[in-house]
Amino acid sequence: AAVKPIVVSTWDSGLPVNAVAWKILRENNGRALDAVEAGARWIEDDINCCVGLGGNPDRDGIVTLDACIMDEKANCGSVAGLSYIKHPISVARKLMETTPHVMLVGEGAMQFALANGFPKESGKLSKDAEKSYKDWLKKSEYKPVINIEQQQSKGKKNKKEHGPFAPSYFDDGTPNHDTMGTIAMDAGGNLSGACTTSGMAFKLHGRVGDSPIIGAGLFVDNEVGAATGSGQGEEVIRVAGTAIIVEMMRMGKSPKEACKIAVERIIKINPAKAKDFQVGFIAINKAGEYGAYSIQPGFSYSVTLAEDGGKVYKAESHY
Ligand code: SD4
């Protein structure tokens, strides 16, 4: 029997991404894989802080993109530290579908993209990214840890741009966490996921986060469910975040419970440190149930499962 399609994305910025994916899932009865890729491509085209070539650069002023994709057969593809290419998610898919490999990085990823007809873009920073980078250069402070609570109490959330459940911010108000993770189930009951990001703003050149790592930033198991997330990638990698969420769902936990277990595991490693960074996870299971959980308040996610245009929910959080 046909199941009801569902698509869930990180943040309120996931709503338009879901809409693109939904069109494929519903109107065209398409594959979850095509849906999540199309959604990711949409946000990679959008000019924003945290996904695609318009995103914030690393500390050398270069935008380096991370992305991965995974389908219902455990096929997966990933690129990390990819510059000058507009659609890392499609490069990841190309790698998945045309080579025996799973992951390409940096220069080699770019060569692969160019050889496969992806055009080379200029590498010029977007206006917003250039401004953020110039501001950051004044102090050049390498401080990737974000104290969300402090910033909230200083009232620095930019509600206008980022909606009521804004992502976490640097002290100067620069949004930091806006990685787009999208997971979907199609009418055939098959699951897929995509995750795409420019990574942590002003990171070391060459730094790779969780987002392109299968089992950290994204995991899909067609027998069980799918999970993705956003936040401080190092902390997600440390616990194989999305892999354990899927395993918890396999053992019978609901998507939200499973996300909570992963979050608590991160916190347990260093509770004092965990007060100062954000990680948020989202998950779906084969029954079409969804859930989320985060360390700090402020993580939101977008759910589209009927012809209702989708809804944004605020995730429950540990703090
Ligand atoms: C990373 N998870 O590179 C990403 C950060 C993020 O928007 O969510 N950025 O660690």
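Colleague: Before we start, what are the ground rules?

Modeller: This is a predicted model, where local features need pLDDT of at least 70, side-chain atom pairs count only at pLDDT 80 or more, and totals for chains, interfaces and linings use all residues. Residues are numbered from 1 along each chain as its sequence is written.

Colleague: What is the mean pLDDT of the chain?

Modeller: The mean is 89, and 88% of the residues reach 70 or more; pLDDT is the predictor's confidence in each residue, from 0 to 100. For the complex, the predictor gives an ipTM of 0.97 and a pTM of 0.91.

Colleague: Where does pLDDT stay under 50?

Modeller: Over residues 145-176. The model has 61 contacts beyond four places in sequence for that stretch, a contact being two residues whose C-beta atoms, placed from the backbone, lie within 7 Å.

Colleague: Okay, how many helices and strands are there?

Modeller: Eleven helices and twelve strands. They are DSSP runs numbered from the N terminus, helices being H or I of at least four residues and strands E of at least two. Of the 319 residues in the chain, 56% are buried. Buried stands for 20 or more other C-beta atoms within 10 Å of the residue's own, exposed for 12 or fewer, and partly exposed for in between, with C-beta atoms placed from the backbone.

Colleague: What is the strand order in the eight-stranded sheet?

Modeller: The order is β4-β3-β2-β6-β5-β1-β11-β12, in an open sheet with mixed pairing. Two strands pair if DSSP finds at least two bridges between them.

Colleague: And why is one side of β4 and of β12 left without a neighbour?

Modeller: β4 (103-105) and β12 (311-314) stand at the edges of the sheet with a single partner strand each, so one side of each has no neighbour there. On average, neighbouring strands of this sheet are turned by 10° against each other, direction ignored.

Colleague: How do β3 and β4 run, parallel or antiparallel?

Modeller: They run parallel, with three bridges joining β3 (residues 76-82) to β4. Within that pair, V79 has L104 of β4 as its bridge partner. Helix α3 (residues 88-98) packs on the sheet, touching β2 (65-70), β3, β4 and β6 (191-197), and its direction makes about 135° with that of β3. Angles here run from 0 to 180 degrees between N-to-C directions, and axes are lines fitted to C-alpha atoms, for helices over the stretch in contact.

Colleague: Which strands does α1 lie across?

Modeller: Helix α1 (residues 14-27) lies across β1 (6-10), β5 (180-185), β11 (300-304) and β12, and runs at about 155° to β1.

Colleague: Back to α3: at what angle do its axis and that of α2 cross?

Modeller: At roughly 145°, and the axes of α3 and α2 (residues 32-45) come within 8 Å. E37, A40, R41 and E44 of α2 make the contact with P88, I89, S90 and R93 of α3. By class, those residues are three nonpolar, one polar and four charged, where Ala, Val, Leu, Ile, Met, Phe, Trp, Tyr, Cys and Pro count as nonpolar, Asp, Glu, Lys and Arg as charged, and the others, Gly among them, as polar.

Colleague: Now the other sheet. What order do its four strands take?

Modeller: β7-β8-β9-β10, in an open sheet with antiparallel pairing. Its edge strands are β7 (218-221) and β10, each pairing on one side only. Four bridges link β7 to β8 (residues 225-231), and F219 has A227 in β8 as its bridge partner. Helix α9 (residues 241-250) lies across β7, β8 and β9, at about 145° to β8.

Colleague: How many residues of β10 are buried?

Modeller: Five of the five residues in β10 (residues 290-294). Y290, A292 and S294 point one way, and G291 and Y293 the other way. Strand β9 (residues 279-285) joins β10 through five bridges, antiparallel. In their hairpin, which has four residues between the strands, G288 takes a positive phi near 85°.

Colleague: Last one: which residues are closest to the ligand?

Modeller: T179, G199, G209, S230 and G233 are the closest of the 14 residues around the ligand, counting a residue as near if its C-beta atom, placed from the backbone, lies within 6 Å. That shell has two nonpolar, ten polar and two charged residues.
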